[in-house]
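Here are my notes on this model, as numbered points. Please read them with the structure open.

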Amino acid sequence: KVPMDNNKGEQAIRNPVTGRKVFYGSGSQWSSMLAAMMFSIFQTLGLWELNPRHWLRSYLTACAQNGGQAPDDLTPFLPWKMDDERRERLSKPPPHDPDTS
């Protein structure tokens, strides 16, 4: 039996629903697909116990170094293809960059 005021259940979907309203409106198909991909990526990172901020920073840095395009080889960013050392490094917060504000 689930009580009618299932606060725990409502809170579990709060962020995606709130995000859907904020990220280019609830009627935008491309933004909902992007959100679904990002939720999937972040859930995968969580299952592999990787720090999402460190992983994302690493990936976006690789994109910037590749002229704003995704790297040709995505293997270094797939948790199941990473060696233990890289997985351990990406499980921690990203190093502090003193040049950023």
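**Notes on the fold, core and surface**

1. Contact range. Take the contacts in the protein between residues at least 6 apart in sequence: 51% of these join residues at least 24 apart. Please bear in mind that this is a predicted model.

2. Secondary structure. The protein has five helices and zero strands. Read from the N terminus, the order of elements is α-α-α-α-α.

3. Burial and surface. How much of the protein is buried? Of its 101 residues, 19% are buried. The accessible surface comes to about 8300 Å². Carbon and sulfur atoms account for 56% of that surface.

4. The main core. Which residues make up the largest nonpolar core? There are nine: Leu45, Leu50, Trp55, Tyr59, Ala62, Cys63, Phe77, Met82 and Leu90.

5. Leu90 in the core. Leu90 is one of the nine core residues. Setting aside neighbours within four places in sequence, Leu90 contacts Leu50, Asn51, His54, Trp55, Ser58 and Met82.

6. Aromatic pairs. How many aromatic pairs does the whole structure hold? A search finds three. One of them joins Trp55 and Phe77. The geometry is edge-to-face, with 6.4 Å from centre to centre and 90° between the planes. Trp55 and Phe77 are both buried.

7. A second pair on Phe77. Why is the pair of Tyr59 and Phe77 edge-to-face? The ring centres are 5.3 Å apart and the planes stand at 90°; an angle over 60 degrees counts as edge-to-face. This pair also links distant parts of the chain, with Tyr59 in helix H4 and Phe77 in the loop between H4 and H5, 18 residues apart. Are the two residues buried or exposed? Tyr59 and Phe77 are both buried.

8. The aromatic cluster. Trp55, Tyr59 and Phe77 come together as one aromatic cluster. Please view the cluster and the core together.

9. Leu78. Leu78 lies in the loop between H4 and H5. Leu78 is partly exposed, at 27% relative accessible area. Its C-alpha is 10.0 Å from that of Trp55, a residue 23 places away in sequence.

10. Salt bridges. The structure holds three salt bridges. In one, the side chains of Arg87 and Asp84 meet at 2.7 Å, N to O. Arg87 and Asp84 are three residues apart in helix H5, so about one helical turn separates them. Asp84 is exposed, with a relative accessible area of 59%.

11. Arg89 and Glu85. These two residues form another salt bridge, their closest N and O atoms being 3.7 Å apart. Glu85 counts as exposed, at 58%.

12. Glu88 and Lys92. The side chains of Glu88 and Lys92 also meet in a salt bridge, at 2.4 Å, N to O. Glu88 is partly exposed, with a relative accessible area of 44%. Lys92 is partly exposed too, at 40%.

13. A nonpolar patch. Which residues make the nonpolar surface patch of about 440 Å²? The patch is made by Trp30, Met33, Leu34 and Met37.

Key
Residues numbered from 1 in each chain as written. Predicted model: local features only at pLDDT ≥ 70, side-chain atom pairs only at ≥ 80, totals over all residues. Heavy atoms only, no water. Patch = residues over 30% accessible without salt bridge, like charges linked within 9 Å, V, L, I, M, F, W, Y side chains within 5 Å. Areas by Shrake-Rupley, 256 points an atom, 1.4 Å probe, with all protein chains shown as cover. Salt bridge = Lys/Arg side-chain N within 4 Å of Asp/Glu carboxyl O. Core = buried A, V, L, I, M, F, W, Y, C linked by side-chain atoms within 4.5 Å. Buried < 20%, exposed > 50% of the residue type's maximum accessible area, 1.4 Å probe, protein only. Contact = heavy atoms within 4.5 Å. Phe/Tyr/Trp six-rings, centres within 6.5 Å; stacked < 30°, edge-to-face > 60°. Helix = DSSP H or I, 4+ residues; strand = E, 2+ residues; numbered from the N terminus.
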